[in-house]
4 protein chains.
Amino acid sequence: MPAPSESTARRDKRSAILDAAIRVFARTGYHAARVSDIADEAGIAYGLVYHYFKNKEEVLNSIFEERWGDFLDVVSAIAASDEDTREKLFQIASLIVNAYRVRPDWVKVLVLEIQRSSRFAEPGQMHAVGKLFAMIAGILRDGQARGEVRSDLDPKIACYVLIGGLEIVITGLVLGVIEVESAEEEGDYFDRVARTVVETYFNGICP
Amino acid sequence: MPAPSESTARRDKRSAILDAAIRVFARTGYHAARVSDIADEAGIAYGLVYHYFKNKEEVLNSIFEERWGDFLDVVSAIAASDEDTREKLFQIASLIVNAYRVRPDWVKVLVLEIQRSSRFAEPGQMHAVGKLFAMIAGILRDGQARGEVRSDLDPKIACYVLIGGLEIVITGLVLGVIEVESAEEEGDYFDRVARTVVETYFNGICP
Amino acid sequence: MPAPSESTARRDKRSAILDAAIRVFARTGYHAARVSDIADEAGIAYGLVYHYFKNKEEVLNSIFEERWGDFLDVVSAIAASDEDTREKLFQIASLIVNAYRVRPDWVKVLVLEIQRSSRFAEPGQMHAVGKLFAMIAGILRDGQARGEVRSDLDPKIACYVLIGGLEIVITGLVLGVIEVESAEEEGDYFDRVARTVVETYFNGICP
Amino acid sequence: MPAPSESTARRDKRSAILDAAIRVFARTGYHAARVSDIADEAGIAYGLVYHYFKNKEEVLNSIFEERWGDFLDVVSAIAASDEDTREKLFQIASLIVNAYRVRPDWVKVLVLEIQRSSRFAEPGQMHAVGKLFAMIAGILRDGQARGEVRSDLDPKIACYVLIGGLEIVITGLVLGVIEVESAEEEGDYFDRVARTVVETYFNGICP
DNA sequence: GATGAATGAGCTTTCATTCAT
DNA sequence: AATGAATGAAAGCTCATTCAT
């Protein structure tokens, strides 16, 4: 066996614990989740969790750091593309909405647990979430330069309305307030939600 | 002392415990909150909490039952009034913005904690928070019938953009990301925020 | 019942826990001792230990602070008395040696456990033990002024030899290396030990 | 590779683990010491400790068996020599002082840790450390017979004053309370300490 | 020989809840 | 009504020990 495979095995087990933790945190919430629940979900002894992570909180932090970074990379690529503002925002909206469809547990934990953790109380920890706001504000500013967005809006505030709309949609999905209509495909429904939010954001609800 | 004053005193103390609990739950979450934290916050001994409530969960349940209903009643009255759609939405936006301004903790607890409790496991029971969304969707649907709202929007989705926009702006204020301009009164500022969000919501960001 | 009796009851329970802890630490050592052992020894639930002390270490610290201070007070009184140097040192030697006879567990814990704790690694924590050395050095210095002690000795070093001798005797007793001869009374034996140490210290072993 | 060198390598590694264990036990005590601390100190993987020793307790036992016997052999040789009492005691004082200087950890572990283990619970077994005291007491008794030592002293007690004086002076050096004068070599200084203690021990502090 | 992943007994600590006062 | 001492279930975490590689 070559050495790299061992390193891969270690990374795999670590990842397996994180995945199990996401599922458990999504199901019961961070505080109510026992370390032994995570271990059971991952099919390992609970002591092993402490072999890979310092404690329960580091598991939550690792979920955030390793999953949120991936998400930001995709948003960054969209922001840098040649599409017009409306299309960029729609792609981001789609990304967010579909993230819930594909990995509902991830979104549940990111939205419900990590937002509440001390991360946001400490200055400078706002950073990671702040990056998302800055990226979308940047897209709006570019849009204003191209004449695709009203120039009387402050991009730094306007971006909140879009993100807030998306966030509430996600929260609604997470909490089960929004239910997919039985008449259409799930994938179609999620696309329609993203499109409606961006469309409303662009044109308003006035006829 | 007349008897009613004693009953009032009892109700006051009960209410004080609930208010303290809301603040603590908002700060640390239900699971992490200790009964002694609630008692400290209320300035009483922790044993007394058990004089007024069966246990910690009953405290959470009582918050829900006694606070959310009041809020929905006001929204319901606005929805039933003769005002046009824009004015109704502005009034609700004002109500929410000011609720968040005056009692940010209430909203945090109602949205984040109560959903997760076992209350909603019972089948056939509608999400209480969902009722708010349904009411606003209802206003939009009425607006479509009156020709005041674009008929191509799905009211059930469009309502999230308004609520989400309001929520994230207020969250920004609460977290201190957005700062109130020193030249105006705080109350005025919150009204202006509500008006701006509703305005953007109506007319969009398109030039 | 008057209020003071309640305060007394609280102090009594606290003291009972400390006494139980001394017995347990003496028996098994600090590290091997379980909090539940202390509670069992005191006849209470282990949770109650945490009602009176922050954690296990604070129990050990409290033993030290509350018992060592009492000891220093007595030494201080002896140092301030009118007796000659030899008598003062004999009284202190008696005090130390008899402390073991009356409260062997106290001495065991003070000698074996607390010396090893981090207390002495941290600067400034040397203080409490240092006070004993300073007091005895002071007695020697007074003795030199009175012509009762060789003036070519540095009191700061000479005091170590006495304390060292006493300490080893105590350690020997604690560890069971020294055994009381069956032919004499225990009290007599301990007095003889104290006298021998001081006598040797004064006159040397030379004939 | 010749066979003997392999056996030597094995013995070296085993010895390295014991030396590391002594340092760790001296620092933190047996109970608080982790097997992984010993391994870290020895620069090996903790699993390897179990290749050379059955378990943690066997490490402690081996320290005792393989280190203390050597020391006693030297003391025994000194006691049996033709020197007069003062010279014998000076040689032992030198041995102890230098043992403490070169291997302070050995003495700490031998004195503080090993006594407490279950080894000495077995009836009829003499305290190994007690043997050292008995040997020195024997030298004093011989000295009394030769007229070199006051006959009114109990050798079993008097020996403690010497050992204790040595111990506490050395402890002072180890803890940095006494500092070696810069003008002389460290080795010289330790010899002078041994000589001073033996001198004081012989002639007393009386003028 | 050597490594360190894996296990789980057992400890410390927290805290909801009860209850005597 | 009010207090807080007392209890003990339950959880987090540590670490000696085993074992596959």
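Modeller: Let's start with helices and strands: these are DSSP runs, helices being H or I of at least four residues and strands E of at least two, numbered from the N terminus. This is a predicted model, where local features need pLDDT of at least 70, side-chain atom pairs count only at pLDDT 80 or more, and totals for chains, interfaces and linings use all residues. Residues are numbered from 1 along each chain as its sequence is written, chains are lettered from A and ligands numbered from 1 in the order in which they are written, and side-chain values use heavy atoms, with hydrogens and water left out.

Biologist: How many helices and strands does chain A have?

Modeller: Chain A has nine helices and zero strands.

Biologist: How much of chain A is buried?

Modeller: Buried means under 20% relative accessible area, with a 1.4 Å probe and protein chains only. In chain A, 48% of the 207 residues are buried.

Biologist: Which residues come nearest to DNA strand F?

Modeller: A residue is near a strand if one of its heavy atoms lies within 4 Å of it. Of the 32 residues around DNA strand F, B:Arg10, C:Lys13, C:Tyr46, C:His51 and C:Tyr52 come nearest. The most residues on this surface, five, come from α3(C).

Biologist: Where are the polar contacts with DNA strand F?

Modeller: A polar contact is a pair of N or O atoms within 3.5 Å. An N or O atom in the side chain of C:Tyr46 is 2.6 Å from a base nitrogen of DNA strand F.

Methods:
Polar contact = N/O pair within 3.5 Å; in protein donor to acceptor, adjacent residues only side chain to side chain. Buried < 20%, exposed > 50% of the residue type's maximum accessible area, 1.4 Å probe, protein only.
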